[in-house]
Amino acid sequence: LAEKNRLTVNLKSQVKRMLVDPKANELVRNFGFQWLQIQRLIAVAPDPNQFPAFNQKLRSAMLKETELFLASIVNQNRSILDLLDADYTFLNQSLANHYGIKDTEGNWIGQPVEILGGKPIKGREFRRVRLQGSSRGGILTQASVLTVTSNPTRTSPVKRGRWVLEQILGTPLSPPPSGVPELEEDHEKIVRNTLRQRLEQHRQDPACANCHAKMDPIGFALENYNAVGAYRYKDGDFKIDASGQFSDGTSFDGIADLKKILIERKTQFVRCLTEKTLTYALGRGLDYYDRPTIERVVSNLETQNYQFLALITAIVKSDPFRLRRGLAKTELGEKL
């Protein structure tokens, strides 16, 4: 088509053809894993005494779930809002047991069957699984993300909150000031105080208060998930408090409320994902002159039901992607 000068008018059909090709999985593994920062899962080492169920098999299953989920968004041209919340995922036996899910209809281990017809999830093979309730669904509650945003011995509301702000809402924070001590891990304080209480004491430092006030509450919405992404109701002897509020005063209690708020702020999420996708597509950082392109892509997605194909097509058709600054005449003359 390019040789016949017909590629421009056929760009959308060619993008669609390429996205359903198996080679498109490289987009999932390269861009998807970079965006979610889960390539770090290969190196994380949760404390084996506290999390004995975590092993290489489970680590691989965590990555595979996210890969298959992202691939389904791409290959099925689903709404990118499904990334925030979806009613399905992909599990094998190892990860299903980790989540407490016993069959493909999402019935819970040890609980009465709510939906009939589910098939047992056995062996290493991954199956598409229908999800019940709001505790799973979307990238925020996948074990890959929850594990890389934790510490080896405990969860980290700070890391999880920052991840949501930067990777989902596109609101990066300044690096912490030098000389600020880490949260104390003294055994006595751990036993006598909740993590929330210890972080509140940590925030008493004025140099820390501003950023922590933005990060920590969002991270607490994910506290029902331990450091390797398993669901829990208590942290040691303490009942989980998953409530909090955004800096603008919007309150929430737990993951269901958090996901609802993020979907309500979909324009902010869509703009963030557009910026990250365009950065990947161009192979460079974005500048002020890329802003009009970003806004056009976001506006176009609003009219296209936020379909993934619409996102990629709009980027492929954009000037930053199709045009490169030419060589100056003097520079061109020197090369000739």
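Modeller: A salt bridge is a side-chain nitrogen of Lys or Arg within 4 Å of a carboxyl oxygen of Asp or Glu. The structure holds 14 of them. This is a predicted model, in which local features need pLDDT of at least 70 and side-chain atom pairs count only at pLDDT 80 or more, while totals for chains, interfaces and linings use all residues. Residues are numbered from 1 along each chain as its sequence is written, and side-chain values use heavy atoms, with hydrogens and water left out.

Biologist: What makes arginine 291 and glutamate 275 a salt bridge?

Modeller: Their side chains come to 3.0 Å, N to O, and the limit is 4 Å, so the pair qualifies. The two residues belong to distant parts of the chain, 16 residues apart: arginine 291 is in helix α12 (residues 291–303) and glutamate 275 in helix α11. Helices here are DSSP runs of H or I with at least four residues, strands are E runs with at least two, and both are numbered from the N terminus.

Biologist: Why is arginine 291 called partly exposed?

Modeller: Its relative accessible area is 37%. Buried means under 20%, exposed over 50%, and partly exposed in between (1.4 Å probe, protein chains only), so the middle class applies.

Biologist: How do you know that arginine 130 and glutamate 105 pair, and what does the pair tie together?

Modeller: The side chains meet in a salt bridge at 3.4 Å, N to O. Arginine 130 is in strand β2 (residues 127–130) and glutamate 105 in the loop between α4 (93–99) and β2, so parts 25 residues apart in sequence are tied together. Arginine 130, at 45% relative accessibility, is partly exposed, whereas glutamate 105, at 18%, is buried.

Biologist: Which classes do aspartate 82 and arginine 78 fall into?

Modeller: Their salt bridge is 3.0 Å, N to O. Aspartate 82 has a relative accessible area of 18% and is buried; arginine 78 has 22% and is partly exposed.

Biologist: Why is serine 150 called buried?

Modeller: Serine 150 has a relative accessible area of 8%, so it is buried. This residue sits in the loop between α5 (143–148) and α6 (157–168). Apart from neighbours within four places in sequence, serine 150 is in contact (heavy atoms within 4.5 Å) with Thr155, Ser156, Lys159, Arg160, Asn226 and Ala227. Its side chain also reaches the backbone oxygen of leucine 146 at 2.7 Å.

Biologist: What makes a space a cavity here, and how many have 30 Å³ or more?

Modeller: On a 1 Å grid over the protein atoms alone, a cavity is a set of points where a 1.4 Å probe fits but cannot get out, and lining residues have an atom within 4 Å of a point. The count is two cavities of 30 Å³ or more.

Biologist: Which residues line the largest cavity, and how do they divide?

Modeller: Among them are Leu27, Phe31, Gly32, Trp35 and Leu273. α2 (25–36) and α3 (56–75) each give two or more residues, and α2 gives the most, with five. The lining has 11 nonpolar residues, one polar and no charged.

Notes
Polar contact = N/O pair within 3.5 Å; in protein donor to acceptor, adjacent residues only side chain to side chain. 1 Å grid on protein atoms, 1.4 Å probe; cavity = no way out; pocket = protein on both sides within 12 Å on 5 of 7 lines; lining within 4 Å. Points joined across faces, edges and corners; volume = space filled by probe spheres on them. Nonpolar A, V, L, I, M, F, W, Y, C, P; charged D, E, K, R; others polar.
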